[in-house]
Amino acid sequence: MSPATIAAIRGARHVAVLTGAGISAESGIPTFRDALTGWWARFRPEDLATPEAFQRDPDLVWRWYRERRLRLRDVMPNPGHYALAELARRVPSLTLVTQNVDGLHARAGSADVIELHGNLARVKCFDQGHPAPDFPDTDAVPRCALCGSPLRPDVVWFGELLPADALRRAQAAAGDCDVFLSVGTSNLVEPAASLPWIATRRGVTVMIVNPSATGQSSGPNIHHLAGPAGRVLPELLREAWPG
Ligand code: APR
């Protein structure tokens, strides 16, 4: 790791972090498309992850998310998640923004995670967005206790807007930070993909943790830390704060 990278993270006042599917890869969580295996291989994401799909066949969509949620019980956070929770204890201020819906940052000890795409473990009702206390373990789609509308997972589906407050807080962090850390994201899906650009344009240090350079920007203030997050992030911590 370069001395400039180490100096930037050690001296940071506010670190903004954006994570994507790549940080959970080493926990064994398949990406959205890779999860369409076995019986589910006959479907396309648009058959399952849109409001229209839910209106067409709510039980089918419910079963798909129930299965994905149950699979989360078998996975654990990995050293990349733990390193980010530790980084928050090392720097004066850290904002953690994720595109993941797996809840692994919180399980690794990160507090106040901004979840841009929702969370697979939460449910709300389709019509009014009333939150439900827990994820009912039923085959058929359950109903909201308050208004009777069907319950759906509290995740952002294709064609839906991101939660406005989460997006606003994420953009504010990118506009205020002095180090921006982008971990395990392909930077293809807007509006999250624009967050590193907000930081890059301000000339602050941007660090990209990804084994692949595909789709990632380069520039004088952009440091590409090539490798899996579960190795690179603990290494960054060890080198910045030896002992
Ligand atoms: N460590 C770090 N990065 C990794 C690792 C790893 N161990 N393994 C893979 N990657 C990188 C890949 O090189 C790729 O750049 O993680 C990135 C994953 O990209 P995507 O699958 O496109 O995930 P993401 O950027 O989170 O996608 C955004 O798209 O499918 C929708 O809603 C879904 O939240 C998701 C959004």
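**Exercise 1.** Which side chain meets that of aspartate 178 in a salt bridge, and what is the N to O distance?

*Solution.* The model is predicted, so local features need pLDDT of at least 70 and side-chain atom pairs count only at pLDDT 80 or more, while totals for chains, interfaces and linings use all residues. Residues are numbered from 1 along each chain as its sequence is written, and side-chain values use heavy atoms, with hydrogens and water left out.

Step 1: a salt bridge requires a side-chain nitrogen of Lys or Arg within 4 Å of a carboxyl oxygen of Asp or Glu. Step 2: the partner is arginine 13, at 4.0 Å, N to O. Step 3: aspartate 178 lies in the loop between helix H8 (164–176) and strand S7 (179–183), and arginine 13 in the loop between helix H1 (3–10) and strand S1 (14–19), so the pair ties together parts that are 165 residues apart in sequence; helices (H or I, at least four residues) and strands (E, at least two) are DSSP runs, numbered from the N terminus.

**Exercise 2.** Classify the accessibility of arginine 44 and of aspartate 47, which form a salt bridge.

*Solution.* Step 1: the closest N and O atoms of the pair are 3.0 Å apart. Step 2: buried means under 20% relative accessible area, exposed over 50%, and partly exposed in between (1.4 Å probe, protein chains only). Step 3: arginine 44, with a relative accessible area of 48%, is partly exposed, whereas aspartate 47, at 17%, counts as buried.

**Exercise 3.** State how many salt bridges a search of the whole structure finds.

*Solution.* The search finds 16 salt bridges, among them the one between aspartate 112 and arginine 169, whose closest N and O atoms are 3.2 Å apart.
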